[in-house]
Amino acid sequence: FGRMFVQVCLYFYCKCLWRCLKFVVRKLTGQCELQRICYNTKPGAARTMKIEASLKGSKSKRLQTSVNVHPDAIEKTIDDIMELKRINPDINPQLGVSLQACLLQIVGYRNLIAEVEKLRREPYDSENPQHEEMLLKLWKCLKPNSPLKARISKQWCEIGFQGDDPKTDFRGMGLLGLYNLVYFAEWDTEVAQQVLTDSLHPKYREVTKKELSQLSKAEWEKKKFDKAIGYSFAIVGINITDLAYNLLVSGALKTHFYNVAPEAPTLTHFQQTFCYLMHEFHKFWIDEDPLDIMEFNRVREKFYKRILRQLQNPEMALCPHFAASESLINM
């Protein structure tokens, strides 16, 4: 009964009191909600997310559908909004500019999801020359001094694939996994090669006295020479692609993209975010110091939750560490 009562109250508030409150505030300030948001909130995720919520929550169907228009129709949509809200564009020129920037981000985010989803659903095809070319480019970027002896080869395990033909490892994320790995290897080559090198070699480390007292001799030997860094680079890259994809479709990445993309976020923004996540996960894996690769899911889930917490901050931008993104972040 108590829960039903609270739900009824919330419904009444949203449908009646909240609209009455907005009406009163408009009469007192002479500004509609969209004007107040644009004038009182600085550009970025905070403003765009408020504009998005206001449009979606409007009682006007025209305003509700404005977040789903084609990018080419945004200017016309802005004119419609100004007319519907009875706002004189000559007196409020900056409002139209601000609304246009917000709508470009909102519509662009939706289109980015569609583009990423299309890549994810497209399977790797070994008969497609473009797919094969990208796969070979991945090898050349990561192993420039080690020629690939054959297309089907155990050498692929050297960059973290499970078998002698990588095409089987792309099933979960389709071409999206390959696109991200190639982007990382091509545009952030030095870091990608270092991460790959770390993932291939065991790293000796000292075992503390406290650990020694808690471990058996066999466990101590295992921990002492444990591959504290070791994991399959390519497989982890595909897994981190899945993590980035889930952040995107859930809307969690809106905070980041609305802060770093002045207009519509693009596939390049998504790939740069993937590079950041790969770099950060690598450091996180080392800090977590897992006993073995069997702890991967635990470490990944912990890392995922940390990124989610960061993205709850409306001012958060997952600033990629490589120069390719610095100009975007500073805009």
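A cut-off before I start: I call a residue buried when its relative accessible area is under 20%. I'm also keeping in mind that this is a predicted model.

**Entry 1: His 256.** I looked up where this residue sits, and found His 256 in helix H13, which covers residues 254-260. Is His 256 buried or exposed? Its relative accessibility is 2%, so I put His 256 down as buried. Next I checked what touches it. Leaving out residues up to four places away in sequence, His 256 is in contact with Thr 273, Leu 311, Met 316, Ala 317 and Leu 318.

**Entry 2: helix H2.** I asked how many of the 8 residues of H2 (residues 33-40) are buried. I got 6, so the rest of the structure largely encloses this helix. The buried ones are Glu 33, Leu 34, Gln 35, Arg 36, Ile 37 and Cys 38.

**Entry 3: helices H8 and H9.** Two packed helices are described by the angle and the distance between their axes, and I looked up both. H8 spans residues 174-187 and H9 spans residues 189-200; their axes come within 5 Å and cross at roughly 110°. I count angles of 65 to 115 degrees as roughly perpendicular, so that is my label for H8 and H9. Which residues meet there? From H8 I noted Phe 184, Ala 185, Glu 186 and Trp 187, and from H9 Thr 189, Val 191 and Ala 192. Sorted by class, this contact has 5 nonpolar residues, 1 polar and 1 charged.

Definitions and conventions. Residues numbered from 1 in each chain as written. Predicted model: local features only at pLDDT ≥ 70, side-chain atom pairs only at ≥ 80, totals over all residues. Heavy atoms only, no water. Buried < 20%, exposed > 50% of the residue type's maximum accessible area, 1.4 Å probe, protein only. Helix = DSSP H or I, 4+ residues; strand = E, 2+ residues; numbered from the N terminus. Contact = heavy atoms within 4.5 Å. Axes fitted to C-alpha atoms, helices over the stretch in contact; angles between N-to-C directions. Parallel < 35°, antiparallel > 145°, perpendicular 65-115°, else oblique. Nonpolar A, V, L, I, M, F, W, Y, C, P; charged D, E, K, R; others polar.
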